[in-house]
Amino acid sequence: MAKVQAPSLTRRWLANDRQREAVAGYLFILPTLIGYLVFVIGPIIAAVGISFTQYDMLSPAKFVGFDNYINLFKDPRVWTVYGNTVFFTVLAVSLNVGIGLILAVMINRKMPDFLKYIFRTTYFFPVLVALVYSSIIWQFLYQKDTGVFNYYLSLLNIEAIPWLSGRQWVLPSIIIMDVWKNTGFAMLVFLAGLQNIPQVYYEAAQIDGANRWHLFRYVTLPLITPTLFFNMIIFMIGALQVFDSIMVLTGGGPGDASRSIVMYITEKAFQSFEMGYASAVAITLFIVIMLMTLLQFRVGQSWVHYE
Amino acid sequence: MGELRRSSSRRNFLRLMGAGSVATLLAACGSNSGGSNTSAPAVNSGSGDNTLTADTKATISIFNFGGDADKEIYNAAYARFNKRYPNITIQDNFVPSGSWSEFTNKVTTQIAGGQAPDIINIAIEGARLLISKNLVDPLDDYIAQDPGAKELTDDVDPALTKAFEVDGKLWLMPHSWNNMVIYYNTKMFKEAGIEPPKEDWTWDDFLAIAKELTRGSGADQIYGFGVPYFNFGLVPWLLTNGTNQLDDAWTASNLDDPKVLEAYSFVYDLVHTHKVAPAVEGTDTGALFAAGKVAMSGWGHWPIQGFIKNGFRDFDVQYWPRKTAGTSVHGVGGWGVCSQSKNKHIAWEIIKELCSKETIQATADAGVAIPARRSVAESPEFLQFPSNSKIFYGSLKDSKPVPSPANFTDVETIIMRHLGEAMSLSTSMENALKAAHTELSASMEKLKG
């Protein structure tokens with residue numbers, strides 16, 4: 001029986017092109033799907049589970065219900081680090097994306113090719129430098145008493161700025177470095193977007209008497225809104241998870257003045273070994289990022305124009 | 001300057017390294033029972049039928065820590081071991097130097113993930129955590145049953161083994177250690193006509209010298225002192241004022257002691273009141289010291305090789321200045337046998353090789369840490385440079401281990417975070433220490449529970 005049926009079964013499967021394609025399709029996405037389940041969904045579920053326990057990784061976990069979440073709302077440090085992270089995100093995203101757009105528009109006009117290459121490479125270069133190296137250099141530039149910036153400011157008789165030690169200065173200092181480092185990436189993405197805008201739109205607008213501002217406002221800007229949207233989402237998610245630049249530059253200090261939420265999670269998880277509490281904080285961050293991304297998509301519908 | 005930066009000056013690196021032991025290196029401890037024999041001696045250590053022969057087959061994994069120089073020294077030690085026991089494979093999971101706190105956290109995470117090694121290299125900062133979680137075995141039985149071990153233990157100062165004694169048992173075998181002493185630029189002292197500091201100098205003497213050496217402005221600004229701004233580097237100010245971060249048993253916060261406030265305030269004043277030291281945040285003290293921009297600072301033994309490599313030799317060392325007590329802080333690194341190891345007797349045998357005179361001597365030659373073995377630390381080679389090098393081992397008798405309870409990383413981060421608030425003028429030192437005391441007390445309470 002088996003001998004007879006097996007081939008016929010195979011034939012029936014293979015006979016149908018659509019089914020065959022569907023199977024092939026699922027097979028193709030299977031590796032990604034497994035990876036996603038194992039490395040993304042799995043840890044998220046585990047984190048949710050751990051967030052209801054008291055767990056130091058070396059002794060068995062103890063179920064504590066919602067204790068971690070209750071403590072989290074009472075922990076003033078959580079509010080501080082969330083505040084820092086939001087402040088950083090708003091400014092870093094606006095500046096990275098805004099300056100990236102300006103640079104891209106400036107480069108995307110008629111000029112000799114070699115100049116274009118030079119500008120593009122120059123602005124993109126910081127993206128390629130390992131963050132730890134550039135952070136060390138920026139640390140040297142920012143130092144209050146022996147740093148380069150304050151030396152030049154002193155020549156102008158401006159008092160030394162506590163770039164890394166002043167509570168109100170430290171986050172702006174980190175944002176300045178972040179923009180120097182990352183705006184080149186936004187620029188590159190914008191350039192790709194700009195180059196996709198058909199020239200005919202500009203010609204048509206010019207015939208109608210549009211000036212340069214009009215061209216930018218009514219042709220360029222609407223047509224690159226998908227790119228703008230993409231950049232905003234990418235930079236927002238990156239900024240909400242900011243870690244290494246702050247770690248190297250200030251270690252989160254002074255006090256908690258520049259500590260980000262991810263740094264706080266790391267401290268709780270891998271220094272204090274409060275895995276349960278760290279997971280609870282991580283879950284809140286997950287929810288915040290998800291909500292903000294959804295919000296962006298929702299709001300985006302009204303201003304993003306897909307051709 | 002690259003090497004110097006790496007080995008001595010980056011704030012982060014220092015802070016961590018400072019944690020005491022930097023050490024790293026293996027160094028010193030014990031002796032090599034049967035060591036230099038090329039034929040495999042049959043040794044019996046540990047309990048049970050654990051006789052090692054040339055035919056013994058096993059794979060031993062080690063969690064290890066240090067710089068490039070250390071790695072070479074370890075590899076040479078393994079090669080010597082493999083000459084005697086060719087069928088034992090040693091896997092060294094070598095973590096490049098960051099800090100002991102970082103390393104401890106990494107190790108703990110890995111063990112928690114079910115990847116316990118056989119041998120572990122850990123500093124005092126991480127020792128209590130491992131001991132409290134039963135992750136390492138006491139070494140007393142191995143030592144008692146191994147006739148070759150006596151030579152090893154006899155050569156190590158009791159102050160070092162004491163750092164690894166809990167409940168009357170020895171849990172780790174010290175290999176190397178570090179402390180904090182004052183480094184001063186001999187050339188700058190000479191040019192300013194200032195006598196080298198005396199052994200028993202006081203905070204007042206220190207401050208007067210620092211003031212005298214501070215001069216210039218803008219690009220020509222020179223500071224008398226560069227604050228070693230990391231936990232380990234700040235503890236000497238407390239100790240020389242007759243106090244400490246925790247009580248003697250390391251069970252409760254002592255930050256409410258007025259003497260603690262006085263000591264940390266002294267550091268604060270150096271920067272903000274007397275202005276004899278640059279702001280602590282983002283300052284690369286090692287680079288400034290080597291460039292002649294700060295005349296004094298504090299380190300253990302670890303930056304010396306970096307300074308020499310960069311052609312900077314105009315410095316000497318002196319004991320920490322005292323207020324009420326002549327003392328300093330030390331941290332110790334040691335080897336432990338993991339409790340989950342299936343080859344504990346082999347692990348012990350390898351530890352002895354890592355603590356052999358040969359290995360220790362190599363460590364001392366590399367010069368990062370102070371060898372735990374007195375015979376090596378007092379050898380002419382080790383004492384050659386800087387000229388007052390005798391104070392490194394010499395300071396041990398009066399110095400105290402850095403407070404390292406099982407929640408050490410909490411202690412360190414809580415104190416440094418709040419100090420940061422005060423040093424950056426966000427709050428007063430008094431308020432910062434009050435807040436730190438409250439937070440630290442809670443952490444210490446949790447430890448008891």
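1. Two strands are said to pair if DSSP finds at least two bridges between them, and strands (E, at least two residues) and helices (H or I, at least four) are DSSP runs numbered from the N terminus. In this sense Val181(B) has Trp299(B) as its bridge partner in β11(B).

2. The model is a predicted one, in which local features need pLDDT of at least 70 and side-chain atom pairs count only at pLDDT 80 or more, while totals for chains, interfaces and linings use all residues. Residues are numbered from 1 along each chain as its sequence is written, and chains are lettered from A and ligands numbered from 1 in the order in which they are written.

3. Strand β9 of chain B, residues 181-185, has 5 of its 5 residues buried, a residue being buried if 20 or more other C-beta atoms, placed from the backbone, lie within 10 Å of its own. β9(B) runs antiparallel to strand β11 (residues 294-299) of chain B, to which 4 bridges join it. β9(B) also pairs with strand β12 (residues 315-318) of chain B, again in the antiparallel sense and over 4 bridges, with Tyr184(B) standing opposite Asp316(B) in β12(B).

4. For chain B, the domain assignment, which is automatic or from a database, gives domain 1 (21-177 + 331-391) and domain 2 (181-329 + 403-448). Their C-alpha centres lie 31 Å apart, and 21 residues of domain 1 of chain B are in contact with 18 residues of domain 2 of chain B, where contact requires C-beta atoms, placed from the backbone, to lie within 7 Å. On the domain 1 side, the elements that give two or more residues are α4 (100-112) and α5 (124-132) of chain B, and α5(B) supplies the largest share, 7 residues. That side divides into 10 nonpolar, 9 polar and 2 charged residues; Ala, Val, Leu, Ile, Met, Phe, Trp, Tyr, Cys and Pro count as nonpolar, Asp, Glu, Lys and Arg as charged, and the others, Gly among them, as polar.

5. Chain A has 14 helices and 2 strands. Its radius of gyration, taken over C-alpha atoms, is 26 Å, well over the 19 Å that the globule rule gives for 307 residues, so chain A is more spread out than a compact globule; the rule is 2.2 Å times the number of residues to the power 0.38.

6. Chain A is divided into domain 1 (2-50) and domain 2 (67-303), with 39 Å between their centres, taken over C-alpha atoms. The contact takes 4 residues from domain 1 of chain A and 6 residues from domain 2 of chain A.

Conventions: Contact = placed C-beta atoms within 7 Å. Buried ≥ 20, exposed ≤ 12 C-beta atoms within 10 Å, placed from the backbone.
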